[in-house]
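Open the structure in your viewer and keep the sequence panel in view. This tour goes from one selection to the next.

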Amino acid sequence: MPNIKIFSGSSHQDLSQKIADRLGLELGKVVTKKFSNQETCVEIGESVRGEDVYIVQSGCGEINDNLMELLIMINACKIASASRVTAVIPCFPYARQDKKDKSRAPISAKLVANMLSVAGADHIITMDLHASQIQVSVEDNFIRGKGRRLKMLNTAEKPKTVPKYSS
């Protein structure tokens, strides 16, 4: 059975640390930096071969930079032979752009789901998607597409499978 490794993107390192602490794990070593032309560089600092990897990165703040960092981290883990890569995205990027409201408007939420799939994400864990059509777009990629799964936590209703923790 593979071991679990949790890595944090730069968007919300406090949340990542709290998740790791709750699970009794240490955050994986990752170095992110920017080149002089503002390209993002990610280096995974430990072996992930055969491991079950979770990457925590929110789609808030500098959305485009955070999304690109997440995609690079997913791809880096996948090409380093991680058994499974799960993207934990508390705030799904471009979630409000979930439908075609004008004739030449993109469906950006679907594009993000496609990019996550192409980067190598096997699963996505997210919360409160803006509308049900995003869930359909993401499910097309992660359930019907390649046998992958989507786990969505809706804060309005508590999932029955999540254990209750006392503080």
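## First stop: K5

Select K5: its relative accessibility is 19%, so K5 counts as buried. Buried means under 20% relative accessible area, exposed means over 50%, and partly exposed lies in between (1.4 Å probe, protein chains only). You are looking at a predicted model, where local features need pLDDT of at least 70, side-chain atom pairs count only at pLDDT 80 or more, and totals for chains, interfaces and linings use all residues. Residues are numbered from 1 along each chain as its sequence is written, and side-chain values use heavy atoms, with hydrogens and water left out.

K5 sits in strand β1, residues 4-8. Helices (H or I, at least four residues) and strands (E, at least two) are DSSP runs, numbered from the N terminus.

Now show what surrounds K5. Leaving aside residues up to four places away in sequence, K5 touches E46, S47, E51, D52, V53 and Y54. Contact means heavy atoms within 4.5 Å. Pick out S47: its backbone oxygen is reached by the K5 side chain at 3.2 Å.

## Second stop: salt bridges

Side chains of opposite charge can pair when their charged atoms come close. A salt bridge is a side-chain nitrogen of Lys or Arg within 4 Å of a carboxyl oxygen of Asp or Glu. How many salt bridges does the structure hold? There are five.

E46 is partly exposed, at 24% relative accessible area.

**E43 and K33.** Select both side chains. E43 belongs to strand β3 and K33 to strand β2 (residues 30-34), and the two are ten residues apart. Buried or partly exposed: which is E43? E43 is partly exposed, at 39% relative accessibility. K33 is partly exposed too, with a relative accessible area of 39%.

**D122 and K78.** Move on to D122. D122 lies in the loop between α3 and β6 (123-127) and K78 in helix α2 (residues 63-79), so the pair ties together parts 44 residues apart in sequence. D122 counts as buried at 12% relative accessibility, whereas K78 counts as partly exposed at 27%.

Select residues 108-119. These are the twelve residues of helix α3, which should span 16 Å at 1.5 Å a residue. The expected span is 1.5 Å times one less than the number of residues. The end C-alpha atoms are 16 Å apart, which agrees.

Colour the buried residues of α3: S108, A109, V112, A113, L116, S117 and A119. An α-helix has 3.6 residues a turn, so residues three or four places apart point the same way.

Step past the end of the helix. G120 follows α3, and its phi is positive, near 120 degrees.

## Last stop: the whole chain

Zoom out. The protein has four helices and seven strands. From the N terminus on, they run β-α-β-β-β-α-β-α-β-α-β. Of its 167 residues, 37% count as buried.

Methods:
A polar contact is a pair of N or O atoms within 3.5 Å; within protein, one must be able to donate a hydrogen and the other to accept it, and residues adjacent in sequence count only if both atoms are side-chain atoms.
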